[in-house]
Amino acid sequence: MGPARWLALGSLLALSSLLEGRLVGREDAGFGECDQFFYAETPPAGLAAEGHVKICQRSEGTEHFATLYSTRDRIPVYSAFRAPRPLPASAEQRWLVEPQIDDPNSNLEEVMNEADAITTVSNLGSKQALSADYLDSDYQRGQLYPFSFGIDFHTAMFTLTNAAPMTPTFQERWYMNLNSLMDRALTPQCGSGDDLYIITGAVPSDSKVNDKVTIPEFVWLAACCAVPGGGWAMGFVKYTRDGDVIEDVMVKELEKLLPFNPQLFQNNCGEAEQDTEKMKRILEVVNQVQDEERAVRSKESAAPPSGSGSGARSGRSALPPPEERSSFLGRLIGFIATPFIKLFQLICYLVVGILKSIVYFLWYVAKQGVKGIESCLYRLGSATVSYFLAIGEELASIPWKVLKVIVKVIRALLRILCCLLKVVCRILGIPVRVLVDVATFPVYTMGAIPVVCKDIAVGLGGTISLLFDTAFGTVGGLFQVAFSVCQRIGYKVTFDSSGEL
């Protein structure tokens with residue numbers, strides 16, 4: 001082992017004591033400090049179920065990725081991370097376990113070496129996979145998160161809660177696909193990669209390794225680029241069956257393939273503002289990766305089995321000259337036919353590329369048409385809802401209007417009744433007044449007798465007083481006249497007598 005590998009191993013030994021795998025309580029909505037690894041800090045909705053535990057993978061007090069782990073299948077449901085770089089090929093692998101999964105009462109909050117956990121963790125392996133579960137099988141521990149930010153932190157990726165059973169060939173091709181996609185398509189089309197959110201997951205099948213660890217039916221990756229004004233979202237699926245290459249799908253189509261039909265990214269990673277040109281360039285790289293994988297498969301299927309070369313060489317020396325000539329003729333025909341085969345392959349590649357471009361164009365046109373139809377349906381639905389709301393308001397107002405009309409009719413009837421009562425009262429009031437006057441006439445008559453007597457007495461008294469005044473005035477006048485006559489007669493006698501004197 002070289003100095004570099006010893007240094008890497010020493011770094012791993014030093015870091016393994018600093019790793020943490022904090023379990024997040026079921027009552028928590030997210031992954032605590034690890035919410036930063038999800039778009040809009042929102043974990044996928046709909047994937048959490050009974051038997052799933054949430055783990056925030058940390059080292060040296062720093063969070064590195066989040067994992068949703070299935071204790072029933074003993075494989076991760078998904079792992080989420082951001083802006084990764086490929087893991088160094090010289091890194092040593094030391095698989096770690098999470099103590100709190102098997103022993104919830106354990107005070108060990110750090111992930112630890114599997115060998116050390118055997119003596120310190122109760123019920124180890126009752127809910128999580130161990131390395132022993134992979135023994136005597138054709139499967140090995142394949143990481144869902146096979147990336148790292150640097151050599152100093154890649155130990156966190158070697159937890160068994162981040163591993164699922166994969167055959168060596170499938171694991172090699174899966175990692176090759178992921179590295180090619182990350183280096184050539186996803187990261188370059190997302191600025192510096194700081195806004196790139198990655199979720200990798202596994203869908204369980206009905207088969208298990210040693211009847212303990214569930215083998216994935218397929219593994220998947222969902223990428224969300226949250227660059228303002230130039231974001232995108234893509235999905236990738238790779239089935240574990242031999243001969244299948246990685247497939248590109250839209251995120252919504254990927255969600256339909258997953259259990260419970262979840263929502264991986266909030267608002268589908270800003271679907272309304274996604275950059276279709278970047279998605280087209282990503283699909284071009286995906287086509288290249290698929291062709292490269294097919295070429296590798298063709299070379300592997302065409303390669304002779306090991307040990308056949310020496311047997312061929314030993315048997316070739318005994319072949320007769322006619323067969324050598326026949327072999328030479330076959331090679332000559334193959335040499336002549338190779339350019340035509342290559343030309344045919346090139347034509348097929350061009351035809352496939354053109355067909356893919358046509359399909360993508362038709363898909364884009366169909367998508368725009370669907371959006372237009374959705375917009376029309378939305379407007380039609382809004383108008384219909386508004387129409388029915390208006391009708392509902394009118395129908396709801398009918399009882400109130402009917403009540404108002406009834407009240408007005410009752411008021412009018414009451415007014416008519418009052419007028420009739422008034423007329424009846426007035427008609428009935430005439431004889432009543434006459435009867436009252438007749439009935440009250442004696443009373444008024446008897447009450448007027450004293451007044452009349454008084455007036456008669458006063459009149460009689462005045463008449464008598466007038467008579468006395470007339471009599472006394474007449475007598476007084478007579479006396480005064482007689483006195484005046486006598487006075488004049490006496491004066492004349494006196495005067496006469498004096499004259500005579």
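These notebook entries record what I looked up in a predicted model.

**Conventions.** I number residues from 1 along each chain as its sequence is written, and side-chain values use heavy atoms, with hydrogens and water left out. In this predicted model, local features need pLDDT of at least 70 and side-chain atom pairs count only at pLDDT 80 or more, while totals for chains, interfaces and linings use all residues.

**Nonpolar core.** Of its 40 residues, W174, L186, L196, W232 and F236 touch the most other members. Elements giving two or more residues to this core include α4 (168-186), β13 (232-239) and α7 (276-302); helices (H or I, at least four residues) and strands (E, at least two) are DSSP runs, numbered from the N terminus. The largest share, eight residues, comes from α4.

**F236.** Leaving aside neighbours within four places in sequence, I find F236 in contact (heavy atoms within 4.5 Å) with residues including L181, L186, W220 and I282.

**Second core.** A separate core of 30 residues includes C56, V77, I199 and V237.

**Annotated region.** The unreviewed UniProt entry annotates residues 343-364 and 412-436 as "transmembrane region"; such annotations may be inferred rather than shown by experiment. I find residues 343-364 to be 100% helix and 0% strand, with the end C-alpha atoms 31 Å apart.

Terms used:
A nonpolar core is a set of buried Ala, Val, Leu, Ile, Met, Phe, Trp, Tyr and Cys residues joined through side-chain atoms within 4.5 Å. Buried means under 20% relative accessible area, exposed over 50%, partly exposed in between (1.4 Å probe, protein chains only).
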